[in-house]
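These are my notebook entries on a structure that I had not examined before. I record what I looked up, entry by entry.

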Amino acid sequence: MTANDADTPPAAGPSWLERVARKRWARWLVVLLVLPTLALIALALYLAHVFMEDEPVVYAKIEEHFKYGSTGGERESGFPYWIFQALPQVCALHLPGPGYASLGFTYEEGKDLPVGMSRRRYQGIDRTFLNCAVCHASTVRDSPEAKPRVYLGMPANTFNVWRFQKFLFDCAKDPRSSAEYVVPAIDRLMREKGERLGLVDRYLVYPVAIAIVRERLLMLRGRFEPLLPYPEWGPGRVDTFNAAKILFNFPLDQLPEHEKNGPSDFPSIWLQQPRKGKQLHWDGNNTVVEERNKSAAFGTGTTPPTIDLAAIGRVENWLLTLEPPKYPYPIDAAKAARGAPVYQRYCASCHGANGRDFSGEYVGKVTPIDVIGTDRRRLDTYTYDLAVNQSTLYAGYPWRFQHFRKTFGYANMPLDGLWLRGPYLHNGSVPSVRDLLEPASRRPPLFYRGNDVYDPASLGFVSNVPAVGERVFFKFDTAVPGNANVGHEGKAYGTELPPEDKDALVEYLKTF
Amino acid sequence: MDAERTPGSWKRKILVAVVVLVVVGVAGGVFTWYKFFREEPQPEWITKDPDMRFKYGSIGAERESGIPYWIFYVLPRMFPDKLPKPGGLAALGVSWEQGQELPIGFTQKVVGFPRVANNCASCHAASYRTSLTENPVFVGAGPGHTLYLEGIFRFLVDCAKDPRFNADNIMREIKLVTNLSWIDRQIYRFLLIPITKKRLLERETQFAWVYRKDLPDWGRGRDDAMNLTKYFLLKLPMDNSTGPTDMLPIWNLKKYDREGTTMNWAGDSHDSYSVIIDSALGVIGAAPKNKTEFLDEVKWLQQYLREKAPPKFPFPINDQLAETGKGIFDANCAGCHASDKTGKRMPLAAVGTDPERIWTWTKDNAVAANKAVRGFGIERKGLVEESLVGYNAPFLDGLWLRAPYLHNGSVPTVRDLLTPPDQRPKLFWRGYNLYDPVNLGFVSQGEEAKYVGTRYDTTQRATGNQGHAFGTELSPADKDALIEYLKTL
């Protein structure tokens, strides 16, 4: 070779590569080396594709998005869709009746998931989990036989989250939730839909997924365990801030007794714009709507890195101006007109000028517990130590929580859509508005929760019926700690008004 | 031939190799500097506001003693079993303002990566509540009477000792709270987690004495300050001494300007400049990297604390009664607590309080510690190179918030202190922040105090509540008047 070679290599005849390539064994070597490499690259690309899959089912209509859209919770907390569907089959004995509907979930016609559950394809598998609507949408019937109407933004009166949780925990502990039972159930369910369970899914994906689901449920069960023996909350209620303590892994067994188990009603979530800056949550422990929303979103399984802010943002925006549904039954206008001045005199300064105008000296502010006199259990579950821990949530993000504060009473709520918000008081211990206008000693000590049949006369849901057909309601005992129906009574609270004034006031409140 | 082109070609190759090496080296160096050493200033809401700077500002401890932020973040969630009760860090009695990401005295600073360390305020911020239906008020520079410092030391070491403290577990927890980049995940997994574990475990031997079962717990609001100095700065072998004392308020330091005053409970240090240096070195845990920067911070702290006023009593005061009380104070107390003797050493025999704190420190220790600090190139008047004889007669500014009383915090309230020693409470709970304006001190009995606080038994070593029987013979009316006056200090 000469120095020129460096500048004009092609002129020097076949290169070493060409010479080697002419040999027969070399061709085989290429096949043996290159093909498996290509195959591996293809596999890697496929797996990468699968693991980067992150596609929620999206809905153009905001109402559908609210009912079935994602908060991002499926990413971290989602159940593989088919496992979720199979659990009521294999663990039927842990349910009070057939399917999830027996836990008070609302199913709309033609839907395979209840209102309040979303679906997202994530890392190669369809997953489902709760969204906002599971606790903030429900149904109303005009009579026991009537078809239920779905109302969005109202408290999920019929949904029994305590039972749902218990079902999942019990099922996870039961050998019947192992792959041996669940995979055939999935197979059956898929066949019914005309789908087929693939081999990889049957023998690899689902057995592993089932094991993970069970392990995580049992881990959660371990954290909740100290509170499981406490009285059942019943439908429409949740022990919000002990769940928040679980997020921080506080050992609940070491909590002082008065902090344990303080369930309260799901609230309605209409008209958030005029609520901005007011003290939110039953005890008024936060004043920022967006922070309160992200806090609630932990309940839908989100974590700071996995929350779908765009999807939640849609709901958040919509709720700013969403009006509560109008009262659908006749209102006696003359009677309501007589109730208006009673309202102005007794209620307006704490609850707002009317159902849309939330102005008033004490609206959205906390009334000290000694003054309001209602059950203090929910208040006591929220502690200073929890509040400061909440300030660490979303650390590293510009929206880190900064507005949680320990309070010492309950906040005065605006009354928009009041008719759909029964039972009343924070702990849902008074079935109707009419009952709330009686002194505690004359309020029903025992009643039934979870019925969606409406009682226009007393403004609330029917509460004196233990069951309608298959639908069995929850016996609410006001003697249980946390369930007291005391407080919000006395002259200033209207409980000493003559009956005709109370009736007129109830009539007026129907216009809210 | 090959040989013909060798000289020029080799030169070029070497040049290329050198350039490549330099580029790779520089890139690696920049990367290392950026990811491990670059310092970002703290945000302005801390640096521009003196009170915030005192509470949350870095004193340079992050470099040496800082814990990687996300490890620090997940530890209380991962190891609640190693905390005294539910509540995360709050269970350790830290002064934690609502809405703040970290408790007072905990600093966050980026040195390559975000780290958490401490500053003076971790022990020198007090909280009080005026009623059960009020949130706490925090007083910067006040005595950290709720802080369970020993609990914090133990918690970190105990976490590191647990086999669950490993990269898999910690990374899983971190993934639930933040979204680290791939490179940061590798840095955490392969460097920060193992190094943090190792560094925390190294502390175990130095902290051996806080694990001793035969010595009483410090409990809330106290630390064994001189032994910390002996075992950490001087690296002396563990002896049998123990002398936990109350965290001190460090407001209004200009009162120590007067000639002849000494500082700390036993008057073992000459002046506030020295005390701040020594305490800050303890928090940093090493020689400061940049001496000028360190001393500038010390000087800022000194200036801030010289002028920081003690807090006013937050309840009504009966002025007339207080006026009567002033006469009683002048007759009975001023001789030591408002005179030339104040802030100076007083022989133990004259007061008769628990002696063990004095036995934790010797002249030799002082000489050695002064030498060590001089070794860092820092000049200060330093520790008093004499044997200790007793405790200082303390200044009483902000007395109401200095509870519990005596150097070892063995007497819960001023009224208890005005009671003959054998009638003072023998068992009470420390660290609850509900204030008792009648007796001047914190509520120290009852369910809440027991749940929040730590048990204080005056019959253990170094916990005696004897001595300082002054004023115990006064009539009840005189005591009431005296207490009313003391509220005004």
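This is a predicted model: local features need pLDDT of at least 70, side-chain atom pairs count only at pLDDT 80 or more; totals for chains, interfaces and linings use all residues.

**Entry 1. Two helices of chain A**

From α12(A) they are A:Lys335, A:Ala336, A:Arg338, A:Gly339, A:Ala340, A:Val342 and A:Tyr343. From α18(A) they are A:Asp501, A:Asp503, A:Ala504, A:Leu505, A:Glu507 and A:Tyr508. By class, I count seven nonpolar, one polar and five charged residues in this contact.

**Entry 2. Helix α6 of chain A**

I turned to helix α6 (residues 161-173) of chain A, which has 13 residues. From its first C-alpha to its last, α6(A) reaches 18 Å, close to the 18 Å expected at 1.5 Å a residue. Which residues of α6(A) are buried? I noted A:Val161, A:Trp162, A:Arg163, A:Phe167, A:Leu168, A:Cys171 and A:Ala172. The buried residues of α6(A) pack against α5 (81-90), α8 (199-224) and β7 (237-238) of chain A.

**Entry 3. The contact between the chains**

I looked up the contact of the two chains: chain A gives 29 residues and chain B gives 22 residues. On the side of chain A that touches chain B, helix α16 (residues 384-390) of chain A gives the most, with five residues. I recorded the classes on that side of chain A as 15 nonpolar, nine polar and five charged.

**Entry 4. Chain B as a whole**

I noted 18 helices and twelve strands in chain B. The C-alpha atoms of chain B fill a box of roughly 115 × 45 × 45 Å along the principal axes. Of the 489 residues of chain B, 44% count as buried. Among contacts in chain B with a separation of 6 or more, I found that 73% join residues 24 or more positions apart.

**Entry 5. A sheet in chain B**

I traced an open sheet of four strands in chain B, in the order β1-β3-β4-β2, with antiparallel pairing. Why is one side of β1 (39-40) and of β2 (67-68) in chain B left without a neighbour in the sheet? Both strands stand at the edges and each has a single partner strand, so one side of each has no neighbour there.

I followed the pairs next. Strand β3 (residues 106-111) of chain B and strand β4 (residues 113-118) of chain B pair in the antiparallel sense over six bridges. In β4(B), B:Ala117 is the bridge partner of B:Thr107, and B:Val116 stands opposite B:Gln108. B:Val116 is also the bridge partner of B:Ile67, and β2(B) and β4(B) run antiparallel, joined by two bridges.

The hairpin of β3(B) and β4(B) has one residue between the strands, and B:Gly112 takes a positive phi near 80° in this hairpin. Lastly, I noted that β4(B) is mostly covered, with five of its six residues buried.

Methods:
Residues are numbered from 1 along each chain as its sequence is written. Chains are lettered from A and ligands numbered from 1 in the order in which they are written. Two strands pair if DSSP finds at least two bridges between them. A residue is buried if 20 or more other C-beta atoms lie within 10 Å of its own, exposed if 12 or fewer, and partly exposed in between; C-beta atoms are placed from the backbone. Two residues are in contact if their C-beta atoms, placed from the backbone, lie within 7 Å. Ala, Val, Leu, Ile, Met, Phe, Trp, Tyr, Cys and Pro count as nonpolar, Asp, Glu, Lys and Arg as charged, and the others, Gly among them, as polar. The expected span of a helix is 1.5 Å times one less than its number of residues.
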